[in-house]
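Here is a short report on a single structure. Please read it alongside the model.

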Amino acid sequence: MTEPADDAVTTHALENQFGLADRIVDAGAIANSVERFREQGITLPTFAQLADPTTFDHDERVGDADPQGPDARNLWRVHWYNDLSGDRVQVPDHVVLPPELTGVPSPIIVVFGDRFPMITAHKVLAAYSCLAPRIVTGQFDPTVHRAVWPSTGNYARGGIAISKIMASRGVAILPEGMSQERFDWLDTWCANPEEDVIKTYGTESNVKEIYDACNELAKDPGNFILNQFSEFGNHLGHYTVTGRALGHVFEQVRADSGRDLRLAAFTSATGSAGTIAAGDRLKEEYGSKTIAVEALECPTMLENGYGEHNIQGIGDKHIPLIHNVTNTDGIVAISDKSTDELDLVFNSEAGRAHLASKGVPEAIVAQLEHFGFSAICNTLAAIKTSKMLGLGPDDALITVATDGAALYPSERAKLLANRFGGEFTASNAAEAYGEHLANVDTDNMIECTEADRRRIFNLGYYTWVEQQGTPFELFEARRSQDFWKGLRRYVGVWDDMIDEFNDQVAAGS
């Protein structure tokens with residue numbers, strides 16, 4: 001990894017701005033955290049344990065903890081191996097979408113994120129991956145700091161959940177136009193939502209406004225900003241935990257198919273660019289392509305564009321610092337008109353009846369309630385990728401359903417009122433299906449050339465160097481795959497530090 005040892009500015013940024021400390025920075029903060037965790041009965045799982053939960057006893061660690069409650073034992077559920085009841089499963093819950101639904105011969109595997117604890121979305125893994133290293137290195141002190149969680153929704157909820165477990169104050173920053181269900185959840189979990197839920201201007205695309213709010217809060221040394229868009233723990237957590245889980249699911253699907261399936265591609269909406277890090281691992285292990293997905297209404301990577309969209313969970317109009325752009329193989333843009341209307345198809349009586357009439361198996365239709373907006377987006381991108389690459393029945397694609405439809409009833413109601421006069425009829429369902437699913441095209445997508453990767457990479461300069469103060473040398477180092485491979489040493493270091501931290505907590509019990 002390019003890491004100039006004599007560059008104090010770069011070293012300081014790596015440790016403090018981007019969460020890459022590999023030493024105890026503040027022993028006093030460690031002592032405070034140990035005492036707080038002892039009081040709260042908290043132990044931290046390692047990244048290796050979250051990647052492979054068979055390495056610990058579920059009943060011993062989790063016991064009777066309510067998976068949706070603020071129980072510290074739920075940290076041991078921050079992995080992909082839960083069912084809807086919070087029990088352990090052997091293989092992460094998933095569905096293989098058939099040609100009757102997708103219109104392509106390639107199996108499309110969707111792994112469900114609504115099995116994660118407390119927030120029913122996989123972003124709690126990102127929150128944990130950013131915070132745990134900060135705790136065990138002594139950078140974050142739960143007895144002193146307010147944890148500030150900038151997000152377009154689910155990451156902030158994950159951070160608030162973990163903050164509550166620690167009896168530490170958390171602050172959620174998210175755009176005012178996000179789904180009401182997100183705010184309802186925050187109102188329940190935050191002790192002082194009027195102060196600790198900061199609503200910034202706009203909707204999904206307005207990430208710059210979130211950064212501005214963070215920069216203002218950062219003037220107070222009691223506020224600790226955990227910016228998922230630039231915390232490399234987010235990247236490493238997904239590379240380690242999500243990458244392994246997706247590979248395990250693919251291996252199971254291949255074994256069940258009785259065929260020699262190959263993993264052709266992984267599609268992931270970029271958002272903070274945490275989840276897409278799993279593509280780096282899948283590419284190394286299976287030779288798959290990594291396809292980044294964004295909203296057509298804000299085609300940042302595809303067209304250096306701007307705009308506004310409603311595919312909640314994939315904030316746009318910038319390139320996250322932790323996006324490994326030079327390892328990205330394609331870009332796909334999906335319209336929020338498609339995700340909005342297919343959400344109605346998947347979650348209405350008329351829509352489900354229409355899918356059944358097209359031969360979609362009942363068991364598959366029943367699983368579609370676990371697809372939130374970004375999940376539909378990821379799935380449409382997989383269909384487009386299959387068509388663009390000319391894939392066949394032995395070429396599998398894999399993606400994730402970040403959250404489920406349960407987070408969007410308010411958005412569904414607005415769409416029904418504004419676009420369908422309050423009723424989604426059989427003819428509406430047929431029209432939406434025909435427009436958005438039956439004839440998916442290959443418009444608004446590219447296979448990346450080296451020139452495309454350079455262009456997209458360069459887009460990040462204004463945000464990160466000029467606006468957010470990233471050292472130029474560090475920004476540039478990210479062009480090389482050696483940088484990203486070099487990051488992985490931190491996971492082992494952090495795991496050792498987590499074990500040592502847990503030992504200190506246990507020693508005084």
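## Charges over rings

The charged end of Arg-281 sits over the ring of Tyr-239, 5.9 Å from the ring centre. Arg-157 places its charged end over the ring of Trp-185, 5.1 Å from the centre. Such a charge (NZ of Lys or CZ of Arg) is within 6 Å of the ring centre and within 35 degrees of the ring normal.

## Basis and confidence

This is a predicted model: local features need pLDDT of at least 70, side-chain atom pairs count only at pLDDT 80 or more, and totals for chains, interfaces and linings use all residues. Residues are numbered from 1 along each chain as its sequence is written, and side-chain values use heavy atoms, with hydrogens and water left out.

The chain averages a pLDDT (the predictor's confidence in each residue, from 0 to 100) of 94, and 97% of the residues score at least 70. Over residues 1-6 the pLDDT is below 50. Where pLDDT is low, the predicted coordinates should not be read in detail.

## Aromatic pairs

The whole structure holds 23 aromatic pairs. Rings of Phe, Tyr and Trp (its six-membered ring) pair if their centres lie within 6.5 Å; planes under 30 degrees apart count as stacked, over 60 as edge-to-face and the rest as tilted. Tyr-490 and Trp-494 have ring centres 5.7 Å apart and planes at 40°, so the pair is tilted. Both residues are buried, meaning under 20% relative accessible area (1.4 Å probe, protein chains only), with exposed over 50% and partly exposed in between.

Phe-18, Phe-232, Phe-483 and Trp-484 form one aromatic cluster.

Terms used. Contact means heavy atoms within 4.5 Å.
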